[in-house]
Amino acid sequence: MRKIPEYEVAVLATVSNGKTTFINALLGKNVLPTQNMACTAKLVKIKDNDRVKQMKVMLEKFDGSTRRLKEQEIDFQKLNSDKNVKSIIIED
């Protein structure tokens, strides 16, 4: 099986300038929440994986641990304010 290369792309702009809307448009669906305020303050990594049947959201902490979030735990406002959260990984 051929390994598909991974690319890291940074989307940078000031607060409320459409970064999340742009990322959702690239993905073709509303994965990240959009509001007229900071709603994705943490580093968000998105992995496009056509083999995944349902979106997976992983949480990476500063201590190096990761875990998959249950659907009821996916609250970007809470995740953004959690000082232990390093990044959010979305696989879809």
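In strand β3, R67 is the bridge partner of L59. Strands here are DSSP runs of E with at least two residues, helices are runs of H or I with at least four, and both are numbered from the N terminus. The model is a predicted one, in which local features need pLDDT of at least 70 and side-chain atom pairs count only at pLDDT 80 or more, while totals for chains, interfaces and linings use all residues. Residues are numbered from 1 along each chain as its sequence is written, and side-chain values use heavy atoms, with hydrogens and water left out.

Strand β3 covers residues 66-68 and runs antiparallel to β2, to which three bridges join it. Two strands are taken to pair if DSSP finds at least two bridges between them. Four residues lie between β2 and β3 in the hairpin that they form, and G64 in this turn has a positive phi of about 95°. Strand β2 also pairs with β4, in the antiparallel sense and over six bridges. Within this second pairing, V57 has I90 of β4 as its bridge partner.

The protein chain contains two helices and four strands, arranged along the sequence in the pattern α-β-β-β-α-β. Helix α1 spans residues 19-27, and its buried residues are T20, I23 and N24. Buried means under 20% relative accessible area, exposed means over 50%, and partly exposed lies in between (1.4 Å probe, protein chains only). In general, an α-helix has 3.6 residues a turn, so residues three or four places apart point the same way. The buried residues of α1 pack against β1 (43-47), with contact defined as heavy atoms within 4.5 Å. Exposed residues A25 and L26 are carried on the face of α1 turned away from its buried side.

Positive phi values occur on either side of this helix. After α1 comes G28, with a positive phi near 80°. In the segment before α1 lies S16, a residue other than glycine whose phi is positive, near 60°. Most residues other than glycine have a negative phi. S16 is partly exposed, at a relative accessible area of 41%.

The largest nonpolar core consists of eleven residues: I23, V31, L32, V57, L59, L69, F76, L79, V85, I88 and I90. Such a core is a set of buried Ala, Val, Leu, Ile, Met, Phe, Trp, Tyr and Cys residues joined through side-chain atoms within 4.5 Å. At least two of its residues come from each of β2 (56-61), α2 (76-81) and β4 (85-91), and β4 gives the most, with three. Beyond its neighbours within four places in sequence, I88 is in contact with K42, L43, V44, K45, V57, M58, F76 and L79.

Over the whole protein chain, 24% of the 92 residues count as buried. Of the contacts between residues at least 6 apart in sequence, 54% join residues at least 24 apart. The C-alpha trace spans about 45 × 30 × 25 Å along its principal axes.
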